[in-house]
Amino acid sequence: MPHPSYFLPKGLFVSQIQRFIPKKWKQSIKPVDIQHVHPSASCNALESAQETFTSVDASMIDSLLTSLKEFTSRGNLLDAFKTLSLIRLHASSASQDLIVHPISSLLSSCTDVKSLAEGRQLHGHIISLGFEQHPILVPKLVTFYSAFNLLVDAHVITENSNILHPFPWNLLISSYVRNGFCQKALSAYKQMVKKGIRPDNFTYPSVLKACGEELDLGFGKEVHKSINASRIKWSLIVHNALISMYGKCGKVGIARDLFDKIPERDAVSWNSMISVYASMGMWNEAFELFGSMWAEDIELNIIIWNTIAGGYLRTGNYKGALELLSQMRKRGSHLDSVALIIGLGACSHIGDAKLGKEIHSFAIRSCFGEVDTVKNSLITMYSRCKDLKHAYLLFQLMEAKSLISWNSIISGCCHMDRSEEASFLLREMLLSGIEPNYVTIASVLPLCARVANLQHGKEFHCYMTRREDFKDHLLLWNALVDMYARSGKVLEARRVFDMLGERDKMTYTSMIAGYGMQGEGQAALKLFEEMNNFQIKPDHITMIAVLSACSHSGLVTQGQLLFEKMRSLYGLTPHLEHFACMTDLFGRAGLLNKAKEIIRNMPYKPTPAMWATLIGACRIHRNTEIGEWAAEKLLEMKPENPGYYVLIANMYAAAGCWNKLAKVRTFMRDLGVRKAPGCAWVDVGTGFSPFLVDDTSNANADEIYPLLEGLTMVIKEAGYISSEDFGSGDETSGEFNEEMKLVSNNRC
């Protein structure tokens, strides 16, 4: 009877097999000439020949297995499949288990090189061999289908297997979590436990992560109980996962208690707890823990560096963020694109163009200069540092401009009050086929108020009403309320305010500031009371708005009471701006000694605008003594704003102190200070036309000035008398303008 290995499948030739046989094996096989052998010895000779060929088969399989490993390691699937066929051929006389490991290797190769068709073919081959329940191949099949996100197939294979080890289930659950199907991951875990399969230390981290992502605290606690009840050895990986799960579910205290109980923490333990604090906005605790981590010389990875640096940026500690990035480089950490974006954000806020350019150079050297998020941050940085030329150049060099890119350059133009450029870019964006989002509109609306272009603001209002997807963006509607309020259209602002189904402290702050600017202090206080009744806690910006409203309406008692409640009731420490509001409040009411005491006793250095506020009040109420004291303090600061010198001159002129007035004029001349000419806008129907005092450059000057003369006559006939001051007197409202600018910047 011939040896089974002599039979070759159709299309497979002996020559194909022989090329795998080493030469020394061929030389060691001596041919048997049966014709010249004695008949009595022919049987023995045949048996000897069969033994020889059996030895050759075993050696050949070893060689084929080596070749298969080489082919799979190189991703050469074609030759690997041919080799597998040869292994099957020569393993047919021996145990079929020899073929399991080659199939496992080939399946891993299909996974690595993303060959779905070949992998499916191999799966069919496994079924035909009856190996679909093999404990080595089941996990490989789960991994293969998971790699192609065919999680239904992976699930079917897992649940149909009779393997009691949790390994295949662990692979399935982790694949569900990795692809964002956390609910299915939890269902798979429950199914696994129901089948009597005990979870291990590799099961729990994925399950706990799924609980955290789903905010399923109840089931997370059940898993925690099962961990405590199990007999498995304590695992730091599982403990870290518990910290993260409780943190994501908002149970910071439990997370911290678990963290404190770890006998020996690793970097993941520290990172998990810091991330919990960061996600809850508890930055002081995060910074403190980071300091402890640093003190214990725990290895800091780039993620934790970026988390803390980002925390500094979010809490307004911009220099701290930049200092931390510097420390990262000193300690050998390589800055990634996220770190560069944080650094550029800090430079944007403090206006440090020099350092921003250094980061730009580093980004180019590190090959991050072409990353879109870095480019967008660079555009923002240059525009916020008033270098719109470089910002626009970077924007123009971008091949594919995303919505974020357009928003960055438009926001930059708005930040510099370049309304024409912003309008042009907005039109270009629409022509390019990109629709503006709520960020785009929220950037442009404050500009409409600042440049008195309410027509564009109304157009945006109509556009917002047509866009259904804008209805849920409260930030956008807050910006609209702010635009109308700052433009003096309080009724329109109130209509939008009343229309909103949801309001936050920014909504109320905008409306309160609008009423304050119109001198409607009682309405502002009523809104503030309503805000408190709805349990909306005011912040520093809200307090600036309501104190300013009291100031402009002469509500001294109410203003004093609110200022006192800042600490006692709202837990807010008064800032410089709040003391400025109180100075203005007392100054307008003629309580100049109280205004003086506020400035002298506050824990901040007075700004030129605060001195100007007090000087303006002294001028109105004819208090030369305090006015001269404030004027001396202001002149010591040598401010660049010429309006302050004009204000002092007006005060001396009103008091008849001509010698002191002459000294101020001399002081202005010596410093080279000149008052900028007044500028105004005229709405000519198709747009706004700016003009200066005694400006004859306008083409319509011959028509404008006769009109102005006629208006002047009408004003005089109505009983209004022009001021003889050297300036318009607007300098006295400088501090209020600064306060309102602060309110607007913090809202939008």
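Helices (H or I, at least four residues) and strands (E, at least two) are DSSP runs, numbered from the N terminus. With that in hand, welcome to this protein, which has 40 helices and two strands. This is a predicted model, in which local features need pLDDT of at least 70 and side-chain atom pairs count only at pLDDT 80 or more, while totals for chains, interfaces and linings use all residues. Residues are numbered from 1 along each chain as its sequence is written, and side-chain values use heavy atoms, leaving out hydrogens and water.

**The whole protein**

- Of the 748 residues, 46% count as buried; buried means under 20% relative accessible area, exposed means over 50%, and partly exposed lies in between (1.4 Å probe, protein chains only).
- The accessible surface of the protein comes to about 40,000 Å², with areas taken from the Shrake-Rupley method with a 1.4 Å probe and, for residues, only the protein chains shown counting as cover.
- Carbon and sulfur atoms hold 54% of that accessible surface.
- Take the contacts (heavy atoms within 4.5 Å) between residues at least 6 apart in sequence: 61% of them join residues at least 24 apart.

**Helix 29 and helix 30**

- Helix 29 covers residues 505-517 and helix 30 covers residues 521-533; their axes are 8 Å apart and the two pack at an angle of about 165°.
- Axes here are lines fitted to C-alpha atoms, for helices over the stretch in contact, and angles run from 0 to 180 degrees between N-to-C directions.
- Helix 29 and helix 30 are therefore roughly antiparallel, a label for angles over 145 degrees, while under 35 counts as roughly parallel, 65 to 115 as roughly perpendicular and the rest as oblique.
- Their crossing is left-handed, which is the case if the near helix is turned anticlockwise from the far one by less than a right angle; clockwise would be right-handed.
- On the helix 29 side, Lys505, Tyr508, Met511, Ile512 and Tyr515 take part, and they meet Ala523, Ala524, Leu527, Phe528, Glu530 and Met531 in helix 30.
- By class, this contact of helix 29 with helix 30 has nine nonpolar residues, no polar ones and two charged ones.
- For these classes, Ala, Val, Leu, Ile, Met, Phe, Trp, Tyr, Cys and Pro count as nonpolar, Asp, Glu, Lys and Arg as charged, and the others, Gly among them, as polar.

**Helix 29 and helix 31**

- Helix 29 also packs with helix 31 (residues 540-553): their axes come within 8 Å and cross at roughly 20°.
- That makes helix 29 roughly parallel to helix 31, and the crossing of this pair is left-handed.
- Lys505, Thr509, Ile512, Ala513 and Gly516 in helix 29 touch Ile541, Thr542, Ala545, Val546, Ala549 and His552 in helix 31.
- The residues of this contact divide into six nonpolar, four polar and one charged.

**Helix 37 and helix 38**

- Helix 37 (residues 642-655) and helix 38 (residues 658-671) cross at roughly 165°, and their axes come within 8 Å.
- That makes helix 37 roughly antiparallel to helix 38, with a left-handed crossing.
- Tyr645, Ile648, Ala649, Tyr652 and Ala653 in helix 37 meet residues of helix 38 including Trp658, Leu661, Val664 and Phe667.
- The contact of helix 37 with helix 38 has eleven nonpolar residues, no polar ones and one charged one.

**Residues inside helices**

- Ala154 lies in helix 8 and counts as buried because its relative accessibility is 0%.
- Not counting residues up to four places away in sequence, Ala154 touches Val142, Tyr145, Ser146 and Leu172.
- Leu242 sits in helix 13 (residues 236-248), and at 3% relative accessibility Leu242 counts as buried.
- Leaving aside neighbours within four places in sequence, Leu242 is in contact with Leu208, His224, Ile227 and Leu258.
- Leu242 and Tyr204 are 38 residues apart in sequence, yet 9.0 Å apart in space, C-alpha to C-alpha.
- Lys633 belongs to helix 36 (residues 624-636) and, at 31% relative accessibility, counts as partly exposed.

**Residues in loops**

- Lys114 is in the loop between helix 5 (100-112) and helix 6 (116-129), and its phi is near 55°, a positive value in a residue other than glycine.
- Asn149 is in the loop between helix 7 (137-147) and helix 8 (151-160), and its phi, near 60°, is likewise positive in a residue other than glycine.
- At 48% relative accessibility, Asn149 counts as partly exposed.
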